[in-house]
Amino acid sequence: MSLFDFFFPKRPATASIAKERLQIVLAHERAGRDSPDFLPRLQRELLAVVTKYVAVHEDMIRVNLGKAGSASVLEINIEMPAGAGSKAKAKAVPA
Amino acid sequence: MAKVIVVTSGKGGVGKTTTSAAFAAGLALRGHKTVVIDFDVGLRNLDLVMGCERRVVFDFINVINGDANLNQALIRDKRIDNLYIFPTSQTRDKEALKRDGVDRVMAELKKDFDYIICDSPAGIEHGALTALYHADAAVIVTNPEVSSVRDSDRIIGILASKSRRAEKREKPVEEHLLLTRYSPDRVQKGEMLSVEDVKEILSVPLLGIIPESETVLKASNTGMPVILDPGSPAGRAYEDAVARFVGEQREMRFQLPERRGFLRGWFGRAAS
């Protein structure tokens, strides 16, 4: 670091930070804007069904409506807790 | 055929009323019969900015309720021919802008005027939705600042889903971005989002750049649309924006810092 830099430190251009933050938050908000109203309810009902068999948390289930070419794709992601397979089986047997 | 223009932003304090006043005055100066309507029920201010606050007798809500007719409520501007101001009411009843009443008033205005400018309140509540509902074109007033850009994006989404044109599946509302309170100096220092940044983020065609200017406050102090001040950079920028709106080509001014003379530049820097 030169003596000049020491006395006049370069500050990061805050405008570029603003731009980056806006691009991220708006990409997120625009995706949410186009999704139909039933998604949160679908997510809750799916969660209720899945928790009957596997102990999953609310934040372990994700429902998204995306696009692949001209078709709409309903994507459901359920994250299973470690060792859930055996528990699921055990619970399912008596039923 | 009348054209309805909504001046909107989502965020408050970015310059919607200043822009509505300047735009209406600019269009009227070009010979178009223009009316500017205040949709901010309960927080009336267009009358002050236009300098006709002492001439308000009847308002938008009186006309909607049938207590007065349009001609009684419209205020003719004393400086500019063809320009009329339609003030709103100071009532606290937020639902006073009844849908069918507003439809009726708009239909009546459309018969008589070339341009109808709707000065929207801030927010995304009833007043703002009513202001944008009839729009054929939207002027989206945005400051180069994160909260304003985000709220503009939100209002752009609402224009595309909640306007009459969207509901009837007609041609979408024409969108125009107006960047206000722009400081080329600060952009050059990397302290402020640039025109290009905002255009890229919002992807709406740019109608104009209004530079940050002391003359805007001075104009509103005296109740004069800033476009009538020939010495004001903001006024000249509004004049350009109105010209572009009606299809003229104008160079995009005020993007770069003003070139200062050698001495002024040197002394200016030394003094700051």
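1. A pocket is here an open set of points on a 1 Å grid over the protein atoms alone, with protein on both sides within 12 Å along at least five of seven lines, and its lining residues have an atom within 4 Å of a point. The volume is the space filled by probe spheres set on the points, which are joined across faces, edges and corners. Of the 42 residues that line this pocket, B:Gly13, B:Lys16, B:Thr17, B:Asp40 and B:Ala122 are the closest to its centre.

2. The model is a predicted one, in which local features need pLDDT of at least 70 and side-chain atom pairs count only at pLDDT 80 or more, while totals for chains, interfaces and linings use all residues. Residues are numbered from 1 along each chain as its sequence is written, chains are lettered from A and ligands numbered from 1 in the order in which they are written, and side-chain values use heavy atoms, with hydrogens and water left out.

3. Several elements of chain B contribute to the lining of the largest pocket, among them α1 (16-29), α6 (126-133) and β7 (174-182), each with at least two residues. Helices (H or I, at least four residues) and strands (E, at least two) are DSSP runs numbered from the N terminus. The largest share, 5 residues, comes from α11(B). By class, the lining holds 15 nonpolar, 14 polar and 13 charged residues; Ala, Val, Leu, Ile, Met, Phe, Trp, Tyr, Cys and Pro count as nonpolar, Asp, Glu, Lys and Arg as charged, and the others, Gly among them, as polar.

4. How many cavities of 30 Å³ or more does a search of the whole structure find? The search finds 1, a cavity being a set of points where a 1.4 Å probe fits but cannot get out. The largest cavity has a volume of about 50 Å³. Its lining includes B:Thr18, B:Val49, B:Ser220 and B:Met224, and α11(B) gives the most, with 3 residues. The lining has 7 nonpolar and 2 polar residues, but no charged ones.

5. Between the chains, 12 residues of chain A are in contact (heavy atoms within 4.5 Å) with 14 residues of chain B. The buried area, that is, the accessible area (1.4 Å probe) lost on being put together and summed over both parts, is about 1,200 Å², of which carbon and sulfur atoms give 56%. A:Lys19, A:Leu22 and A:Arg33 supply 42% of the area that chain A buries against chain B, more than any other three residues.

6. The interface has 4 salt bridges, each a side-chain nitrogen of Lys or Arg within 4 Å of a carboxyl oxygen of Asp or Glu. In one of them, A:Lys19 pairs with B:Asp197, with the closest N and O atoms 3.3 Å apart. The side of chain A that touches chain B comprises 6 nonpolar, 2 polar and 4 charged residues.

7. Over all chains, the structure holds 20 salt bridges. One of these joins B:Arg99 and B:Glu167 (3.7 Å, N to O). The pair links distant parts of the chain, 68 residues apart, with B:Arg99 in helix α5 and B:Glu167 in helix α8 of chain B.

Methods. Buried area = accessible area lost by both parts, 1.4 Å probe.
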